[in-house]
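Visitor: I have a protein model on my screen and some questions about it. Can you walk me through them?

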Amino acid sequence: MNDPYRSKPSRGRTNFASCICATVFLIFLIAGIVIAYFFLFKPKTPKIAVEAVRFPTFSVTNGTVNFTFFQYVSVTNPNRDEFTHYDSSLQLSYSGEPVGLVFIPAGKIDGGRTQHMSAKFDVQSYPLPAKLKADVSGGVIPTTVNGVGAGPTMEVETRMKLVGRVRVLKVFTHRVDSGVKCGVMIQVSSGSVLGVRC
């Protein structure tokens, strides 16, 4: 026979304990997803390394410079998914003024892969500053680079910009951009590259 005065187990306590267990489980699950995202799937910026800069043709005539500019780079995609790039460019400037610009064709780089790119364009009859023009026409100028006599020199600046998107888990896309800026020292008499610093 049931005793009506006997205490029955509380359903409220059992439900409360179940809620706490479920909450703790959800917290651990969300923390695991966040950690996996930040360490494994968070979009990373592609790395650009300038491999070579050359001036296959270079001449100074009547106070203007004419040359062909060539740059070779490697782009590494550190992400697990592919990097699709578009709206990218390489710009050359001298004394803060733009000298030339070339757009980089759109493309894709698979996750964890490195792709090599090159850009080449001609610059015709760009006027030299008055001081450099006087140095060139005056003959020998005691300019040294790394302790070696180099004659008159000029420094140009290259800026490469890659803009694109990275897919995460094949579903989400994130916009990423990367760039590299380099100063290139040129010997005016021969067009030789004396140094590149990025």
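This is a predicted model: local features need pLDDT of at least 70, side-chain atom pairs count only at pLDDT 80 or more; totals for chains, interfaces and linings use all residues.

Visitor: Is serine 88 buried or exposed?
Guide: Serine 88 sits in strand β4, which spans residues 83-94. Its relative accessible area is 1%. Buried means under 20%. So serine 88 is buried.

Visitor: Which backbone nitrogen does the side chain of serine 88 reach?
Guide: The side chain of serine 88 reaches the backbone oxygen of tyrosine 86 at 3.1 Å. The backbone nitrogen reached by its side chain, at 3.1 Å, belongs to valine 163.

Visitor: How far apart in space are tyrosine 86 and aspartate 177, C-alpha to C-alpha?
Guide: Tyrosine 86 is in strand β4. Its contacts include Val163, Gly164 and Arg175. Arginine 175 in turn forms a salt bridge with aspartate 177. Tyrosine 86 and aspartate 177 are 91 residues apart in sequence, yet their C-alpha distance is 10.0 Å.

Visitor: How many residues does the largest nonpolar core have?
Guide: Phe55, Phe58 and Met160 are among the residues with the most contacts inside this core. Strands β1, β3, β4, β5, β7, β10 and β11 each supply at least two of its residues. Methionine 160 touches, among others, Ile48, Leu90, Met117 and Val180. The number of residues in the largest nonpolar core is 34.

Visitor: Which residue forms a salt bridge with glutamate 155?
Guide: Glutamate 155 lies in strand β10, and its partner is in strand β12, so the pair ties together parts that are 42 residues apart in sequence. The closest N and O atoms are 2.5 Å apart.

Visitor: How far apart are the closest N and O atoms of glutamate 157 and arginine 159?
Guide: Glutamate 157 is partly exposed, with a relative accessible area of 26%. Arginine 159 is partly exposed too, at 42%. The two form a salt bridge, and their closest N and O atoms are apart by 3.0 Å.

Visitor: What accessible area does the nonpolar patch with Leu26 have?
Guide: Leucine 26 is in helix α1, residues 11-41. It is partly exposed, at 46% relative accessible area. Phe25, Leu26, Leu29, Ile30 and Ile33 form the patch on the surface, and together their accessible area is about 520 Å².

Methods: Residues are numbered from 1 along each chain as its sequence is written. Side-chain values use heavy atoms; hydrogens and water are left out. Patches are made of residues with over 30% relative accessible area and no salt bridge: like charges are joined within 9 Å, nonpolar side chains (Val, Leu, Ile, Met, Phe, Trp, Tyr) within 5 Å. Accessible areas come from the Shrake-Rupley method with a 1.4 Å probe; for residues, only the protein chains shown count as cover. A salt bridge is a side-chain nitrogen of Lys or Arg within 4 Å of a carboxyl oxygen of Asp or Glu. Helices (H or I, at least four residues) and strands (E, at least two) are DSSP runs, numbered from the N terminus. Buried means under 20% relative accessible area, exposed over 50%, partly exposed in between (1.4 Å probe, protein chains only). A polar contact is a pair of N or O atoms within 3.5 Å; within protein, one must be able to donate a hydrogen and the other to accept it, and residues adjacent in sequence count only if both atoms are side-chain atoms. A nonpolar core is a set of buried Ala, Val, Leu, Ile, Met, Phe, Trp, Tyr and Cys residues joined through side-chain atoms within 4.5 Å. Contact means heavy atoms within 4.5 Å. Lists of a residue's contacts leave out its neighbours within four places in sequence.
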